[in-house]
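These are my notebook entries on one structure, written down in the order in which I looked things up. The coordinates come first, and the entries follow.

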Amino acid sequence: MSVTSTIQSAVIHALEKLYNEVFSAKDFQINQTKPEFEGDYTVVLFSLLKPLKQSPDALGKALGVYLTQTHPSLFSAFNVIKGFLNLNITGSYWGAVLNDNYQDGTYGRKEKKGKTIVVEYASPNTNKPLHLGHLRNIFLGWSISEILKADGYDVVKTCIANDRGIHICKSMVAWQKFANGATPESTGMKGDHFVGDYYVLFGTEYKKEILELTAKGMPEAEAEKEAPIMKAAQQMLVDWESGRADVIALWEKMNSWVYAGFDITYKRIGSDFDKMYYESDTYLLGKKLVEEGLQKGVFFKKEDNSVWVDLTADGLDEKIVQRKDGTAVYITQDIGLAVEKYEAYRYDQSIYVVGDEQNYHFKVLQLICRKLELPSSEGIYHLSYGMVELPSGRMKTREGTVVDADDMIDEMIKVAAQKTEELGKVKDFTPDELDKLYNTIGLGALKFFILRVDPRKRMIFNPEESIDFHGFTASFVQFSHARAKAILRNEQPDNNFTLQHNEALLPLEKEMIILLERYPAVIQQAAFEHNPSVIVNYCYELAKTFNSFVTEHRVLKAETENKKQLRLRICQMTANVIASGMALAGIEVPERM
């Protein structure tokens, strides 16, 4: 039980004994005491005054006296200031927190809850390589999966490959028209990059054809529909859905190139999935559900034979679920996939990590699933996140201005090498050790910089800012871990030594233990909010306080043996918690830097 929960229970018990009134933890707040006041934790009394018919001063004093008298091993002193009861926690309590947990590498992780959460992330289109926006998606999805596991959930990591549709056909048509049989092998290109170039080429050729048609007097809107290359892509989609053999063969070949490229990138960034889904499979179930929805009256057909759902009564509008030519749209496969996931895992929650431009889409998806009376509907949760932009502005795939994920990773490793070498502290590292270190620092910087921002906010990514050994970065946290490990390489805590509590904890000693004690609650908060930035920001706060602690206080040459053993335990627990917290963000921490 955390110290906050322990205090809550003690206060609830005290109120019942003193006033014969039963309260719950939701009835009052407990916060860390503000630095300008004496105390460790503060009970906010205002919500209790009216039901108890007490003044702030009288209630605070009565509670303070009762708590310190009945729980002397927990509370050492108290003071009351204008409706706030500030409580001092005993040194023996903080010592027990440290002693009980400093060797525990699994500290903070909860027991199994018996609940399953499915997390879908990455979900790339197979017509282009992964880009910087995908990286935010992948890092968020992977991290929240690990955080939920740490909080006791059974988690299934899934990915849906958007491997069919008009966008895929665009790459295929462009390859047919311009490739002359070229392959990734013949060009020496990574498969996803190779196919992506043809998607960009399609856009270039499409614009050219529109200009040619408008120059002949055709209105632009009509030219966009009549451009030969677009009509070819639309026909290819119809041919694909009808199972035309040569189209299916080309589609399989080009997708295989892309998957091989994706796998290389996933391996580089340490991402993995428990289950891969493919839109080419799930859209069929979606189309079947569309037919069932027509029979139930959930959907309706328009004169052109397209199928729609009317959501105007729900505050939205009409939404197409099947085109007039019978081909599926994006939401068609999402309906099918929701059912497929639920039947496979009977999940309690199904999280979709998708950008905030799709907020409307997921409102529609949940409404449709409810109207179809699908059991999957209530667990649908959209983990919406803001777009990643660069200092130069927003990225656009069709215009070829997207920052490629592989290029970004290479750039981060390059910057990591440059900044590390400038410090001149790695002269005794072997080339292999340096290579691993630069990868660890570069990838750590990329993940940390992206995950430190609340997912709901848009962000601007600047590679140079993300690696700073003295700033709000992974590098600083990694350095702090290495600093703790360096101390521990000189001397480990004596596990047989019994800490004495007659020496008062100094402010930074107490602050470190309070911070370390918070870690399980931080995991719980991050899981509840679906927000990895809670973990990442905590790791930075812990690292910053630890650096102040070891700068202010000697560890190996401490004033007494008791202080040395106390501080060595703080070092060991700090190293464990930093490593654990950063691992939940997918970030490695080196033993030395």
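I take a contact to mean heavy atoms within 4.5 Å. The model is a predicted one, in which I read local features only at pLDDT of at least 70 and side-chain atom pairs only at pLDDT 80 or more, while totals for chains, interfaces and linings use all residues. Residues are numbered from 1 along each chain as its sequence is written, and side-chain values use heavy atoms, with hydrogens and water left out.

**Entry 1: overall**

I looked up the secondary structure and found 22 helices and 14 strands, where helices (H or I, at least four residues) and strands (E, at least two) are DSSP runs numbered from the N terminus. The C-alpha atoms fill a box of roughly 90 × 65 × 40 Å along the principal axes. Of the 593 residues, 55% count as buried; for this I use under 20% relative accessible area as buried, over 50% as exposed and the range in between as partly exposed, with a 1.4 Å probe and protein chains only. Among contacts between residues at least 6 apart in sequence, 73% join residues at least 24 apart.

**Entry 2: cores**

Which residues have the most contacts inside the largest nonpolar core? I noted I7 and F461, in a core of 159 residues, a nonpolar core being a set of buried Ala, Val, Leu, Ile, Met, Phe, Trp, Tyr and Cys residues joined through side-chain atoms within 4.5 Å. Setting aside neighbours within four places in sequence, I listed the contacts of F461, which include L132, V388, L390, M408, M412, L446, F449 and I450, and also E389, P391 and S466. A second core, separate and of 24 residues, includes L289, F299, V339 and C369.

I next went to β11 (residues 349–355), which is largely enclosed by the rest of the structure, because seven of its seven residues are buried. In a regular strand the side chains alternate between the two faces of the sheet. For β11 I found both faces covered, with Q349, I351, V353 and G355 buried on one side and S350, Y352 and V354 buried on the other.

I count two strands as paired if DSSP finds at least two bridges between them. On that basis β11 pairs with β12 (residues 380–385) in the parallel sense over six bridges, with V353 opposite L383 and G355 partnered by Y385. Strand β12 is mostly covered as well, five of its six residues being buried. β5 also runs parallel to β11, joined to it by four bridges, and here E120 has Y352 as its bridge partner.

**Entry 3: two positive phi values**

A122 has a phi near 75 degrees, a positive value in a residue other than glycine, and I placed A122 in the loop between β5 (116–120) and α5 (132–150). Is A122 buried or exposed? A122 is buried, because its relative accessible area is 4%.

N305 has a phi near 85 degrees, again positive in a residue other than glycine. N305 sits in the turn of a hairpin formed by β8 and β9, with five residues between the strands. At 39% relative accessibility, N305 is therefore partly exposed. β8 and β9 pair in the antiparallel sense over three bridges, and F299 has V309 as its bridge partner. β9 is also joined to β10 (residues 318–322) by four antiparallel bridges, where V307 stands opposite Q322.

**Entry 4: a residue in α8**

K207 is found in helix α8 (residues 191–215) and counts as exposed, because its relative accessibility is 51%. K207 and A122 are 85 residues apart along the chain, and I noted 29 Å between their C-alpha atoms.

**Entry 5: cavity**

How many cavities of 30 Å³ or more are there? I found one, taking a cavity as a set of points on a 1 Å grid over the protein atoms alone where a 1.4 Å probe fits but cannot get out, with lining residues having an atom within 4 Å of a point. Grid points are joined across faces, edges and corners, and a volume is the space filled by probe spheres set on the points; the largest cavity has a volume of about 80 Å³.

Its lining includes G91, G95, H501, E503, N562, K563 and L566. α4 (91–101) and α22 (561–584) each supply at least two lining residues, and α22 gives the largest share, three residues. By class I noted four nonpolar, five polar and two charged residues in the lining, with Ala, Val, Leu, Ile, Met, Phe, Trp, Tyr, Cys and Pro counted as nonpolar, Asp, Glu, Lys and Arg as charged, and the others, Gly among them, as polar.

Methods. 1 Å grid on protein atoms, 1.4 Å probe; cavity = no way out; pocket = protein on both sides within 12 Å on 5 of 7 lines; lining within 4 Å.
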